[in-house]
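User: I'd like to learn how to read a structure like this one. Could you walk me through it?

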Amino acid sequence: QVQLAESGGGSVQPGGSLRLSCAASGSIFSINAMGWYRQGPGKVRELVALITIPGRTNIADSVKGRFTITRDNAKNAVYLQMDSLKPEDTAVYYCYADVSVSLFRRNNYWGQGAQVTVSS
């Protein structure tokens with residue numbers, strides 16, 4: 001099994017910054033991609049940012065220029081630096097990992113979720 005441990009999140013005023021961290025542990029053969037999704041109140045879960053292990057990124061248009069995704073391959077970790085936060089960024093943020101647990105088996109895993117609230 002693979003576990004994703006998230007940290008960070010919280011409450012901040014508009015224009016503020018927060019940083020999310022996520023580390024994967026367990027039966028990991030290799031990690032293909034890690035990233036973040038979010039689900040706002042009454043909304044469907046949506047992609048925020050994804051980074052493949054070779055380093056390619058996919059960033060949602062709604063957060064481009066404000067959010068930065070980085071990774072630490074040695075720690076099996078991914079980070080999301082969120083700047084210039086807006087009230088519409090309020091959501092539960094879920095860490096995601098596409099993990100190969102063996103040469104022939106590949107699964108998707110999710111973190112427990114971290115609440116981010118942007119309000120004045």
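Predicted model: local features only at pLDDT ≥ 70, side-chain atom pairs only at ≥ 80, totals over all residues.

User: Okay. How many helices and strands does the protein chain have?

Analyst: Helices and strands are runs of residues, numbered from the N terminus. In this protein chain you'll find 0 helices and 11 strands. Going along the sequence, the pattern reads β-β-β-β-β-β-β-β-β-β-β. The radius of gyration is 14 Å, close to the 14 Å that the globule rule gives for 120 residues, so the chain is as compact as a globular protein of that length.

User: And what box do the C-alpha atoms fill?

Analyst: Along the principal axes, they take up a box of roughly 50 × 25 × 25 Å.

User: How do I read burial, and what share of the residues count as buried?

Analyst: The idea is a cut-off: buried means under 20% relative accessible area, and exposed means over 50%. In this protein chain, 42% of the 120 residues count as buried. As for the surface, the chain exposes about 6,300 Å², with carbon and sulfur atoms supplying 48% of that.

User: Now disulfides. Which cysteines form one here?

Analyst: To spot one, look for a pair of cysteine sulfur atoms within 2.5 Å. The structure holds 1 disulfide, and cysteine 22 and cysteine 95 form it, with their sulfur atoms 2.0 Å apart. Cysteine 22 lies in strand β3 (residues 18-26) and cysteine 95 in strand β9 (residues 91-100), so the link ties together parts that are 73 residues apart in sequence.

User: Is that pair buried or exposed, and what is the handedness of the link?

Analyst: Cysteine 22 and cysteine 95 are both buried. Their link is left-handed, with -85° about the S-S bond.

User: Last one: how many charged side chains are there, positive and negative?

Analyst: Count each kind, then see where the two sets are centred. The protein chain has 12 positive and 8 negative side chains, and the centres of these sets lie 5 Å apart.

Note on methods
Residues numbered from 1 in each chain as written. Heavy atoms only, no water. Helix = DSSP H or I, 4+ residues; strand = E, 2+ residues; numbered from the N terminus. Rg over C-alpha atoms; globule rule 2.2 N^0.38 Å. Buried < 20%, exposed > 50% of the residue type's maximum accessible area, 1.4 Å probe, protein only. Areas by Shrake-Rupley, 256 points an atom, 1.4 Å probe, with all protein chains shown as cover. Lys, Arg positive; Asp, Glu negative; His and termini not counted. Charge placed at Lys NZ, Arg CZ, Asp CG, Glu CD.
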